[in-house]
Every structure is written in structure tokens, then in C-alpha cells.
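Have a go at each task before you read its solution.

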Amino acid sequence: ALPMIYAVTPTYTRPVQKAELTRLAQVFRQVQRLHWIVVEDSASRSDLVSRFLSRCGVTSYTHLHVFTPRRFKRTGMPRATEQRNAALTWLRTRRTKHDAGVVFFADDDNTYSLELFDEVRPAGALYNQQGALYNHQEALYNQQGKLHKWLKHMESFAVNLQVILSNPRAQFKRRGSQPGMQESDFLRQITKVSELEPKANNCTRVLVWHTRTEKPHLANEPKHRKDTVVIEV
Ligand code: UDP
Ligand code: MN
């Protein structure tokens with residue numbers, strides 16, 4: 001069978017949440033053998049996300065949740081640490097060395113090209129790809145098509161499932177990782193720069209965009225009263 005793509009998406013409650021997830025689902029549902037791991041930053045699985053997942057057209061998914069402690073919710077602090085780690089734990093307990101696949105970290109606010117998925121999917125079960133990087137700002141690769149330094153800003157990256165399983169202690173860390181360096185710090189625990197594989201024509205094609213969804217102004221929206229219909233946004 002075609003190796004799986006596990007897309008890991010941390011997400012949290014806000015007015016644009018469903019719009020963000022909808023944009024992702026409409027791409028993901030077109031990708032064969034994609035398993036979507038959605039990890040809510042919440043004390044429990046919300047009805048909104050549960051309903052959304054059951055209808056979104058992505059039929060293979062896992063819905064997890066873990067709440068980020070309040071003290072970690074300050075500006076400048078890394079986001080989604082606990083959520084990504086929850087997905088890693090799920091993979092380590094539910095998948096084995098017989099499962100071929102790749103783990104792709106897909107935040108809910110970015111925009112992903114359909115072409116990306118052909119780039120990240122491993123070719124076969126015995127595939128030694130360590131990681132894959134997508135970058136558009138810096139020239140990171142040398143003539144041999146090898147990366148020569150860690151990136152400060154990575155929009156997204158993928159890691160072979162077997163690399164995740166064979167490094168059972170590797171985690172996203174809050175402590176000791178500078179802002180924006182959490183991803184590189186995680187990759188450092190499982191691989192070396194020279195083992196990273198630049199994708200998308202040696203990182204010259206952009207297949208992920210760090211889009212930003214404007215915060216909507218809802219002050220003038222009617223407040224719900226008992227006799228009004230509640231519409232889920
Ligand atoms: N996120 C989260 N809880 C939060 C803030 C963000 O789970 O309190 C998720 C968010 O949905 C996204 C990821 O963490 O999938 C990265 O967040 P964001 O895009 O705000 O961070 P940035 O890309 O600016 O570092
Ligand atoms: Mn973001």
C-alpha cells in the first residue's frame with residue numbers, strides 16, 4: 001500500500017477556527033492515504049471540531065486534545081508544543097516499525113498546495129528519508145543539494161514515521177528552545193543537517209504559505225438571546 005501521510009494540526013478555539021480547518025480539509029480530502037491528526041488546545045474535544053471532522057470529507061482522522069497551561073500562553077512563547085507532542089505519543093503507541101509513512105506538521109493557519117503531498121510521501125516502506133524542509137527565504141542548500149544550516153523559520157516540515165518511532169524520546173521542547181527554533185531543535189534530536197532532504201526542486205518552489213487570517217470584528221454582531229437561533233461560525 002501507498003505509505004501514509006500523517007498530517008498533524010494543532011488548533012484552538014477562535015472565530016476563524018472553522019474557516020482555517022475548512023481550508024485545510026478541502027486540500028487534505030483530495031490526498032490519498034492521508035490521516036489527519038487534529039489536536040485541540042482545549043480541556044476536552046469541542047463539539048464544533050468533532051462535528052466539523054465528521055463532515056469535512058477527510059475520512060481518516062484522529063481527534064485529540066491537550067490543554068496548554070495558561071502560563072505558557074504568552075506572546076513570544078512557542079505555540080502548540082503540547083499538541084504536537086500529543087500527536088507524537090499517539091503515533092508511537094499506535095504505529096509500529098511495519099508501518100510506512102511520513103509525519104507532516106501542518107499548522108491550521110497556513111496554506112498547503114496539493115503538490116506538496118507528492119513531495120513528502122515516502123517512495124516505499126524501506127525509505128530512509130529523515131526529514132524534508134520547505135523554505136523560501138534563504139539559500140540553504142549547497143551545490144550537492146544538501147542543506148548546510150538549520151532554519152530559523154520553517155513553514156512546515158515532514159519526518160519519516162520510522163524516524164519518529166526510532167527516537168522515542170524526541171519531543172518538542174519549551175525549555176531551552178529559543179523562539180522560532182522549536183522545529184529545528186526537534187529535528188536536531190532526530191537527525192543531522194546533512195541528512196535533511198530539501199524538497200520542491202531544491203527548495204526553489206513554494207508549496208506552503210504562511211497565510212494570516214485577519215481577526216474578524218464581531219462587536220456589532222447581535223448577542224445571542226434565548227429566542228434566537230444559534231448559528232455556528
Ligand atoms: N495554537 C494553539 N494554541 C494557541 C495558539 C496557537 O494550539 O494558543 C496552534 C495554532 O492553531 C497553529 C499553531 O498552534 O496550528 C501555531 O500557532 P500560530 O499560527 O498562532 O503561531 P505562529 O505561526 O505565529 O508561530
Ligand atoms: Mn502560524
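This is a predicted model: local features need pLDDT of at least 70, side-chain atom pairs count only at pLDDT 80 or more; totals for chains, interfaces and linings use all residues.

Residues are numbered from 1 along each chain as its sequence is written, chains are lettered from A and ligands numbered from 1 in the order in which they are written, and side-chain values use heavy atoms, with hydrogens and water left out.

**Exercise 1. The ligand site**

Task: Find which residues come nearest to ligand 1, and describe the shell by residue class.

Solution: 
- Step 1. Collect the residues near the ligand (a heavy atom within 4 Å of it). There are 13, and Pro10, Asp41, Lys73, Asp108 and Asp109 come nearest.
- Step 2. Look for N or O atom pairs within 3.5 Å. A polar backbone atom of Pro10 is 2.7 Å from a ligand oxygen atom, a polar side-chain atom of Asp41 is 2.7 Å from a ligand nitrogen atom, and one of Arg212 is 3.4 Å from a ligand oxygen atom.
- Step 3. Check the cover: the protein buries 81% of the 520 Å² that ligand 1 exposes when taken alone (Shrake-Rupley method, 1.4 Å probe).

**Exercise 2. Aromatic rings**

Task: Work out how the rings of Phe104 and Tyr112 are arranged, then do likewise for Phe104 and Phe117.

Solution: 
- Step 1. Apply the rule: ring centres of Phe, Tyr and Trp (its six-membered ring) lie within 6.5 Å, with planes under 30 degrees apart stacked, over 60 edge-to-face and the rest tilted. The count comes to nine aromatic pairs.
- Step 2. Phe104 and Tyr112 are edge-to-face, at 5.6 Å centre to centre and 80 degrees between the planes.
- Step 3. For Phe104 and Phe117, the centres are 5.8 Å apart and the planes at 80 degrees, so this pair is edge-to-face.
- Step 4. Ring pairs join Phe104, Tyr112 and Phe117 with Phe28, Trp36 and Phe52 in a cluster.

**Exercise 3. Helix α6**

Task: Are the residues of α6 mostly buried or exposed?

Solution: 
- Step 1. Locate the helix (a DSSP run of H or I, at least four residues, numbered from the N terminus) at residues 182–190.
- Step 2. Count buried residues (under 20% relative accessible area, 1.4 Å probe, protein chains only): seven of nine.
- Step 3. Name them: Gln182, Glu183, Ser184, Asp185, Phe186, Leu187 and Ile190.

How values were computed: A polar contact is a pair of N or O atoms within 3.5 Å; within protein, one must be able to donate a hydrogen and the other to accept it, and residues adjacent in sequence count only if both atoms are side-chain atoms. Ala, Val, Leu, Ile, Met, Phe, Trp, Tyr, Cys and Pro count as nonpolar, Asp, Glu, Lys and Arg as charged, and the others, Gly among them, as polar. Buried means under 20% relative accessible area, exposed over 50%, partly exposed in between (1.4 Å probe, protein chains only). Helices (H or I, at least four residues) and strands (E, at least two) are DSSP runs, numbered from the N terminus.
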